[in-house]
Amino acid sequence: MDDVINENLIDSFRPRLKVFISVEPVLDRLHFISADQRERLRQKAKTDGNSAAVDTLISAVLQKPHPEGWFQAFVDALSNAGCEQAADYMRAKLPHPKVEAENDYCMRMIDILVPSLLDMDTKEVCTHCFSRELITEDDKDTILRSADTQGLRDAARELLKRIVRRQPGWYSEFVQILRETEHQSLYELMGGSCDCDTTDLKAPSREVETTGNKAVMDSPAESSASPQGLDDYKDMEATELSDSGGAAGGPEGAVIVLRDYQKEVAQPALEGKNIIICLPTGSGKTRVAVYVTTQHLARRRAEGNTGTVVVLVHKVPLVEQHYATEFQPFLKHAYKVERVSGNSLLKISFTEIMKKNDVVICTAQILENYLERSVKGEDEGVHLKDECHHTKKGEVYNQVMMRYLKQKEKNKMLKKEQKETLPLPQILGLTASLGVGNATRLDAAEKNILQICANLDASQILTSDLGNYRNEPGKQIVLVEDKEKDPFGDVIKRIMNIIHTYANLNPICQLGSQNYEQWVVQYERQAAKEEDQRVRICAEHLRRYNEALQLSNTIRMCDAFTFLEKYHEEELKSKMSPDDEHVINITDTENMLFNLFQDNKQELEELSKNPGYENDSLSKLRVSILRQFSTREEPRGIIFTKTRRSAMALNQWIQDNTKFADIGVKASYVIGGGDQSVVKPMTAAEQKDVLSKFHIGAVNLLIATSVAEEGLDIPECNFVICYGLVTNEIAMIQARGRARAKDSSYIVIEVKGSGVTEKETINEYRKDLMTRAIARIREFQPAEYERRIEEFQLQAIIEDEVRRTKVNRKDMKVQKPSEVKLSCRRCSKLVCTVDDIQIIEGMHHVNVSPAFRHLFIRKENAALQQRLLHYEINGSIACKECGQKWGTMMVYRGIECPCLHVKNFVVTIKEKNISSYTKWSELAIVFPAFDYVQHAPCLAQMSHDEEMVE
């Protein structure tokens with residue numbers, strides 16, 4: 001009976017115990033818990049924080065069966081560890097409600113004054129606190145050790161967290177210690193005065209005035225006073241901007257401030273060195289960049305010089321994000337800041353933007369285009385490269401840096417010849433993870449990282465131990481069981497096997513797998529190349545059935561069925577002319593495929609409604625979401641999934657399930673903005689709208705593809721779920737970094753055929769490999785490091801020259817445009833030659849010849865309609881003979897221009913058919929620019945004639 005009472009006592013005071021218990025010293029004195037369990041609790045305290053570890057400790061103490069004397073042993077451990085308040089609660093020695101309330105106010109007072117208290121002389125104050133028995137000897141040792149390793153400010157934070165756990169009366173003692181140690185301003189801030197002594201000091205009133213603002217303290221009923229506030233303050237910065245003439249900046253004149261570790265990694269950049277800062281997601285890398293920017297601009301201005309700071313990003317949404325949330329708020333009072341992306345009109349006057357602004361935030365492609373046209377090359381200034389791990393072969397970042405490296409080599413020659421050199425910008429790279437590529441050994445990982453350092457001309461990699469700032473989420477891998485029966489999947493596989501037989505195809509991969517999709521795509525391309533329309537069309541349908549199998553293994557069967565039904569409806573619709581005046585040919589193969597689906601449609605629909613055959617992955621996901629939302633006060637999370645279609649389907653599944661709404665789930669999805677997928681992409685405005693709702697809490701569960709893994713400004717989450725999606729170690733680190741709130745969780749849920757368990761294990765190994773490789777590189781002697789970097793740079797320059805030579809030779813071998821033909825991918829009808837095609841704004845390939853207008857039909861498509869800078873899209877164009885989509889109809893400056901997508905055609909060069917082109921840039925052909933003046937009158941007349949005919 002006593003055990004039950006004691007269990008209830010512990011559970012009732014759990015919130016108080018989480019405030020007043022310090023895990024480390026208690027574990028040293030609690031021997032009825034196993035050594036392994038104590039070690040796990042110590043690790044949890046380091047990774048998840050003291051509060052989370054205390055919660056787990058309490059659960060361990062309450063675990064049955066209890067050993068004899070367990071409760072008294074627990075109380076004794078608390079008392080001997082210096083956790084007297086916690087011990088008194090367990091002894092039922094409860095403080096008077098008024099005393100308890102005053103103590104809560106004292107703790108809140110410390111929370112509010114943390115920014116000022118961190119400036120005290122921690123070591124001296126610590127010694128006095130120990131002599132007054134405000135802290136234990138263990139506490140003193142921990143605080144002094146933190147001062148030596150982490151710095152005085154971190155040590156001050158440790159001291160404050162420990163004194164608030166003492167019995168009531170600690171506040172007056174602490175204020176008196178501040179007076180004795182000559183912290184007069186802090187003494188007065190805490191409520192002391194020059195003509196009062198210790199006996200006059202009382203708990204602070206509910207309304208407390210702090211420096212620069214007024215903070216109204218909560219009542220006991222509303223307050224959850226705890227040293228947790230000290231940890232919350234760690235999300236603010238901790239060292240003010242030095243007085244160097246830089247702008248205070250920020251809303252209402254807020255200053256830029258840095259934490260100790262941020263200050264450490266910023267220092268080499270302030271000295272003008274090229275560096276890479278490699279810190280976890282959420283650690284304030286961008287704030288460091290803003291700080292470096294202000295210092296650079298202030299120094300240049302003081303010297304009477306100019307020089308633009310260029311902030312490079314690799315995604316369009318990041319341009320606006322960095323502008324609005326970081327650089328503009330802090331710099332607008334003293335400097336001119338502008339942002340430019342492919343969606344901005346300013347891109348056409350980028351040269352002027354560079355001249356007139358101190359800071360320019362843009363996509364890397366915008367800067368590369370500018371440098372391509374620039375005569376004098378790069379400006380002297382600073383280039384900040386966000387997510388700099390993208391500086392590798394094939395990436396735009398690397399193209400920009402290749403210009404830099406070549407100029408660096410030229411400068412060496414000019415210097416030898418005693419000629420004037422061209423100034424180069426300072427380079428600052430930012431990333432959460434440099435990655436190791438495909439390395440499996442330490443030397444290969446080291447080589448991969450050194451290559452990135454060489455590409456960025458970095459003199460060193462800066463990392464830092466975040467110490468108490470780091471909130472590492474708890475990790476969980478959820479395994480699933482295969483379906484015992486999958487009649488829905490069996491029907492789809494039966495249909496696929498019928499198609500295999502019809503087209504004489506013999507797949508060597510498992511149906512529903514990624515390997516099967518790659519196999520069938522290769523067959524479709526080969527068939528298009530050989531003009532074998534039966535196999536090509538069958539392969540196209542097989543790919544959709546394979547996608548449906550993957551959907552049924554990932555989401556619901558009804559989602560897979562809806563996808564197949566919609567696909568066949570769209571295919572049939574493509575065979576219908578909008579005006580019903582033109583008959584589009586339906587081949588025997590297409591008839592067979594349409595009839596095959598119709599014959600099985602009813603059975604698939606009935607099976608899709610049977611919940612007994614749903615996949616186990618979805619069940620595990622349901623449990624995970626319900627657990628997170630039912631056990632957290634303010635849940636906020638992200639689910640990462642592989643495809644755009646699965647993100648949309650998961651969102652619909654949550655909307656359809658009332659249990660989620662009952663526990664407060666407010667879901668939405670965010671997907672990429674590229675047009676490579678058949679699923680309509682999200683515009684930047686749509687992405688921004690969803691993320692804004694996520695920021696303010698109108699959405700608390702975000703379902704996202706990999707677009708949200710990297711860079712985008714997403715607030716702290718307390719759980720992240722990777723649902724059948726694990727890519728590389730860089731993506732893993734970034735996804736996990738989204739769960740940076742306290743007591744957060746990182747959950748990986750297996751999905752059939754995804755192999756996420758194995759990939760996660762490999763990524764953990766590669767993450768460790770990267771850490772070891774960086775540590776080894778940092779130990780290099782300067783001369784050795786410079787030698788290795790120079791070797792990589794020279795090799796990169798030579799490889800780039802060889803590549804450019806090959807491209808030039810390839811261009812020389814290109815046939816005349818009139819000899820390169822385009823044929824319809826579906827029916828093989830000759831459409832046009834390449835000399836009929838012209839290019840608008842360097843990207844839109846249009847055919848405005850009169851003969852071409854008779855070969856296609858127009859189709860309205862609301863999903864495609866959009867208005868951009870100089871043009872708008874008004875639906876699609878398709879082959880008159882077979883209905884194959886060819887591209888879109890764009891209206892450019894008032895005239896209609898059919899815009900072609902090369903992926904919808906087979907290209908014939910020298911009688912050789914090529915079906916693998918997906919981008920026009922893959923053809924070694926220089927397309928002439930569209931001549932608006934020449935074509936406008938003719939096209940306008942043709943449009944008028946067509947209207948007269950109608």
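Begin the tour by selecting helix H9 (residues 122–131): its buried residues pack against helix H10 (137–149), helix H11 (152–163) and helix H12 (170–180). Helices here are DSSP runs of H or I with at least four residues, strands are runs of E with at least two, and both are numbered from the N terminus. Contact means heavy atoms within 4.5 Å.

The model is a predicted one, in which local features need pLDDT of at least 70 and side-chain atom pairs count only at pLDDT 80 or more, whereas totals for chains, interfaces and linings use all residues. Residues are numbered from 1 along each chain as its sequence is written, and side-chain values use heavy atoms, with hydrogens and water left out.

**Around helix H9**

Within H9, select Thr122, Val125, Cys126 and Cys129, which are buried (under 20% relative accessible area with a 1.4 Å probe, protein chains only; exposed is over 50%, and partly exposed lies in between). These residues lie on the same side of H9 because they cover an arc of only 105° around the axis, the arc being that of the directions from the helix axis to the C-beta atoms. After H9 comes Glu133, with a positive phi near 60°.

**Helices H10 and H11**

Next, display H10 together with H11. Their axes come within 7 Å and cross at roughly 160°; axes are lines fitted to C-alpha atoms, for helices over the stretch in contact, and angles run from 0 to 180 degrees between N-to-C directions. The two helices, H10 and H11, are therefore roughly antiparallel (over 145 degrees; under 35 counts as roughly parallel, 65 to 115 as roughly perpendicular and the rest as oblique). On the H10 side, the contact includes Asp139, Thr142 and Ile143, and on the H11 side it includes Leu152, Asp154 and Ala155.

**The sheet**

Now turn to an open sheet of six strands, ordered S10-S15-S14-S11-S13-S12 with parallel pairing. Two strands pair if DSSP finds at least two bridges between them. Strand S10 (474–478) and strand S12 (667–670) are the edge strands, each pairing on one side only. Select S10 with strand S15 (residues 745–749): five bridges join them in the parallel sense, and Gln476 stands opposite Ile747 in S15.

Helix H28 (residues 644–656) packs on this sheet, touching strand S11 (637–640), S12, strand S13 (701–704) and strand S14 (719–723). The direction of H28 makes about 175° with that of S12.

**Last stop: Ser646**

Finally, select Ser646 in helix H28. Is Ser646 buried or exposed? Ser646 is buried, since its relative accessible area is 4%. Not counting residues up to four places away in sequence, Ser646 touches Leu551, Ile555 and Thr641.
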